[in-house]
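Me: I should like to go through the assignments in this structure one by one, setting each value against its criterion. Please begin with the terms on which the pairing of strands rests.

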Amino acid sequence: MSGNRLLKALLPPLVIAAGVALFLLLRATAPETEPQPVEEPAWAVQSVEVSPTPVPPRLRLSGYLESPRTSMLTAAVEADVASVPVREGRRVEAGDVLVELDRADLELQLREQTAEVNDLRSQRALEERQIEADRRELANERELVAIAERELNRVQRLADRDMASGSDVDARRRELEQQQMSLSGRQLAVDSAENRLEQLAARLDRAEAVRDRFARDLGRTTVRAPFTGRLSEVHVSPGDRVRPGEQLVQVYDTRALEVRAHLPAGKIGPVRRVLALEDGLSATAMVDAQSLRLELDRLSGRSERGEGGVAGLFRVVEGGEDLPLGRFVALEALLPAEPDAVVLPFEALYGTRRVYRLDDERMRAVEVERLGEAPLADGRRGMLVRSRELTAGTRVVVTQIPRAMDGLRVRDLGSEQP
């Protein structure tokens with residue numbers, strides 16, 4: 001029993017010792033192996049070879065069609081609408097009838113006022129003849145006063161010699177006084193002749209002015225197109241009663257169309273320099289399958305608060321006659337060429353101002369100046385950049401890589417033309 005107990009006590013240490021000896025033997029007799037080096041991965045990319053040249057940037061803008069020659073025609077008189085021979089959207093020529101108002105009331109007023117003018121003219125002619133008669137009679141009245149004075153003196157001398165009675169003297173004196181009163185009345189009529197003529201002339205002028213106003217208002221019952229254009233609004237229909245100032249129709253000149261487009265603040269300087277040149281700034285647009293050719297005419301005189309930049313007003317040189325006001329227009333303007341510029345796909349840009357060039361299968365960061373947009377060789381939109389590090393023959397990565405960094409190893413799969 002004691003021998004078994006001893007064996008059980010020694011067996012575990014012996015097993016452990018044997019395992020350790022076996023492990024040491026196997027490790028000592030194992031073959032020698034070389035450690036394998038870890039190879040750096042390379043990202044597959046595409047690149048383009050650049051050659052800086054002068055390139056004109058393309059400025060892409062958006063705006064709305066408007067016309068500075070837009071007229072809202074209103075009623076000048078109170079009348080009923082007789083006819084509206086036009087419809088919204090129709091083209092009209094200068095002088096075309098747009099709205100006809102009823103003329104009956106104004107014709108009656110014109111006839112009445114014309115009769116008033118004729119009556120005043122007759123009064124003036126009669127007054128002129130009366131003045132001529134007063135002037136002729138004035139000389140006769142003076143002669144009659146002189147005769148009465150001589151008769152009174154004669155009778156007075158006879159009375160002094162008792163050859164005439166006092167009643168005879170009084171009678172001759174009354175005759176003289178009456179004749180003098182008649183002369184005074186005639187003299188007043190002659191003296192006030194000019195005043196009476198002026199009063200009649202003023203009344204006649206006033207009556208003629210009212211008559212002319214009625215005649216003008218009568219002509220305004222026919223509302224005509226002030227210029228060749230297109231109707232954008234029609235507010236009335238036959239039977240409507242309109243008063244002075246009420247809107248009738250709106251027409252805009254299709255030969256004076258403009259596109260108001262917002263210019264970014266960073267492009268205002270180059271645009272102002274272009275405006276100073278004789279060539280100007282041209283632009284193109286395609287709207288509803290219509291090709292538009294535009295030229296920058298001027299910059300807006302007002303900039304909205306909180307809005308960078310200013311509006312540019314592009315005059316429509318060709319096309320757009322059938323486009324409605326307020327139509328959205330996306331246009332593309334061509335700025336002067338930028339020297340030493342490179343056109344790259346947008347995929348080459350990392351962040352806002354960084355691209356990567358290839359240098360011994362490594363990506364090297366290059367800070368660039370963004371100049372705008374320009375077309376690639378295949379017609380796609382590209383970005384126009386410039387940097388001293390982008391020289392002729394430099395290859396630029398045009399593949400977006402997650403977590404790209406300076407010095408990252410890449411494998412160039414091929415190239416494409418910028």
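Reply: Two strands are taken to pair if DSSP finds at least two bridges between them. The model is a predicted one.

Me: What makes strand 6 and strand 9 a pair?

Reply: Strand 6 and strand 9 (residues 229–234) are joined by two bridges and run antiparallel. The criterion asks for at least two bridges, so the pairing stands. Within this pair, Val92 is opposite Gly229 of strand 9.

Me: Why are strand 8 and strand 10 said to stand at the edges?

Reply: The open sheet has four strands in the order 8-7-5-10, with antiparallel pairing. Strand 8 (222–224) and strand 10 (241–242) each have a single partner strand, so one side of each lacks a neighbour in the sheet. Inside that order, strand 5 (residues 79–83) and strand 7 (residues 97–101) are antiparallel and joined by two bridges; the bridge partner of Ser83 in strand 7 is Glu100.

Me: How do you know that the length of helix 4 agrees with its number of residues?

Reply: Helix 4 (residues 193–219) has 27 residues, which at 1.5 Å a residue should span 39 Å. The C-alpha atoms at its ends are 38 Å apart, and therefore the two values agree. Among the buried residues of helix 4 are Leu200, Leu204, Ala207 and Phe214. The charged end of Arg213 sits over the ring of Phe214, 5.1 Å from the centre of that ring.

Me: Why is the pair of Tyr64 and Phe328 called edge-to-face?

Reply: The ring centres of Tyr64 and Phe328 are 5.7 Å apart and the planes make 70 degrees. Tyr64 lies in strand 3 (residues 58–66) and Phe328 in strand 16 (residues 328–334), so the pair ties together parts 264 residues apart in sequence.

Me: What makes the pair of Tyr350 and Tyr356 edge-to-face?

Reply: The centres of these rings, Tyr350 and Tyr356, are 5.1 Å apart and their planes stand at 85 degrees, so this pair is edge-to-face.

Me: How do you know whether Tyr64, Phe328, Tyr350 and Tyr356 are buried or partly exposed?

Reply: Buried means under 20% relative accessible area, and exposed means over 50%. Tyr350, at 7%, is therefore buried, and so is Tyr356, at 3%. Tyr64 has 49% and is partly exposed; Phe328, at 39%, also counts as partly exposed.

Key:
Residues are numbered from 1 along each chain as its sequence is written. This is a predicted model: local features need pLDDT of at least 70, side-chain atom pairs count only at pLDDT 80 or more; totals for chains, interfaces and linings use all residues. Side-chain values use heavy atoms; hydrogens and water are left out. The expected span of a helix is 1.5 Å times one less than its number of residues. Buried means under 20% relative accessible area, exposed over 50%, partly exposed in between (1.4 Å probe, protein chains only). Rings of Phe, Tyr and Trp (its six-membered ring) pair if their centres lie within 6.5 Å; planes under 30 degrees apart count as stacked, over 60 as edge-to-face and the rest as tilted. A charge sits over a ring if NZ of Lys or CZ of Arg is within 6 Å of the ring centre and within 35 degrees of the ring normal.
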